[in-house]
Amino acid sequence: MPPETANPLDRVTLYYKDGSSDKVYQASIEASGSGFFVNFSYGRRGSTLQNGCKTSSPVEYAKAKVIFDKLVLEKTSKGYTPGEGGTRYQSTANADRATGIVPQLLNAIDGEEAQKLLSDDAWCAQEKFDGRRVLIRKSDGAITGINRNGLMIALPAPVEAMGLATGGEQWLIDGECIGDVFYCFDLLEEAATDLRKSAYGDRLTSLYAMLKAGTRAIRPVATAMNTKEKTSMLEQLRQQKREGIVFKRLTAPSVAGRPNSGGNQLKFKFTASASCIVAASNGSKRSVRLELVDGTKRVEVGNVTIAPRTRVPEVGEIVEIRYLYAFPGGSLYQPVFLGVRDDVGVDGCVVGQLKFKGREGEEE
């Protein structure tokens, strides 16, 4: 194909369906004079789509193709698919890794809402861990790790070995990995029986019964049940400078994905965190510049230092940043680098994640 000619294949429509989410994403390379633009549109299927452009001015076809291909890769890695049914990863490079299993995700609440749940015995409380969300499935004598997007992943060797020695022949548990330890808080399947429709309190009881006391690599989380226990847990987690606390309705079933609002599993974070895009490296300073997406543009939100003996992330990678609050305009106060994310795409790096500083110096 001559370099000055756009390929008819440089146009794609991708779909994503998960719970109540039903989204469409379109991208294309469009000729303009002697150059090319990379345009995109996105939104809920059947609604008026929002439009944007990845190139501020016409570029050569070769550069436009690189931008277009990267855009499509980001979306398909997130789970978008050419299939109109929206089945995650169908007809994409990750099709062989797709399990169709995704976890239940939590919505955030503020301190006032958290205080109400402390005195409500319909809700239990657990620590909000600062780890990597993982599900582990045991089946036919094999252990499989699954990330929050439903893709198979490798597990730390101690976790895999302990999984093989734990429970019966088949189960599926949900939790978070921190280093070589898996902290689990839900049992979704056991002995080829789907437990998702069971009450969370019953699933938790079964999880505790399945796991051996003192397990090192796979550990059940501690759960506070009444007002006194939940209040004590909240105070201890604050004193220990942990990430936050999670509240779960004891009678609720497990529902995959994140509800548009509310839900039966909620999180109250003492500090905030955001998934950001690495925009540039600051060279010998061992720090990187961060960006977030605001509509059709990207905005800078400051820099973060990378600790010695830690790999400096590359431009374009997604990183998780913990911070105290964000100033108006988006700059992060006291940012701390937590690690690179391979389970979050650019479309998850939005300004809407930020928790801003209040007027009186308090966090909103």
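Visitor: What is the mean pLDDT of the chain?

Guide: pLDDT is the predictor's confidence in each residue, from 0 to 100. Where pLDDT is low, the predicted coordinates should not be read in detail. The chain has a mean pLDDT of 88, and 94% of its residues reach 70 or more. Over residues 358-364, however, pLDDT stays under 50.

Visitor: Which residues of α2 are buried, and which are exposed?

Guide: An α-helix has 3.6 residues a turn, so residues three or four places apart point the same way. Buried means under 20% relative accessible area, exposed over 50%, and partly exposed in between (1.4 Å probe, protein chains only). In α2, the buried residues are Ala114, Leu117 and Leu118. They lie on the same side of α2 because they cover an arc of only 105 degrees around the axis, the arc being that of the directions from the helix axis to the C-beta atoms. Glu112 and Lys116, on the other side of α2, are exposed. The cover over the buried residues of α2 includes β6 (123-128), α5, β14 (244-249) and β15 (265-269).

Visitor: At what angle do α2 and α5 pack?

Guide: Two packed helices are described by the angle between their axes and the distance between the axes. Axes are lines fitted to C-alpha atoms, for helices over the stretch in contact, and angles run from 0 to 180 degrees between N-to-C directions. Helix α2 (residues 111-118) packs with helix α5 (residues 227-239) at about 145 degrees, their axes 9 Å apart. Gln115, Leu117 and Leu118 of α2 make this contact with Thr227, Lys230, Thr231 and Leu234 of α5.

Visitor: With which side chains does that of Ser273 make polar contacts?

Guide: A polar contact is a pair of N or O atoms within 3.5 Å; within protein, one must be able to donate a hydrogen and the other to accept it, and residues adjacent in sequence count only if both atoms are side-chain atoms. Ser273, in strand β16 (residues 272-281), is joined through its side chain to the side chains of Lys269 (2.5 Å) and Glu320 (3.3 Å).

Conventions:
Residues numbered from 1 in each chain as written. Predicted model: local features only at pLDDT ≥ 70, side-chain atom pairs only at ≥ 80, totals over all residues. Heavy atoms only, no water. Helix = DSSP H or I, 4+ residues; strand = E, 2+ residues; numbered from the N terminus. Contact = heavy atoms within 4.5 Å.
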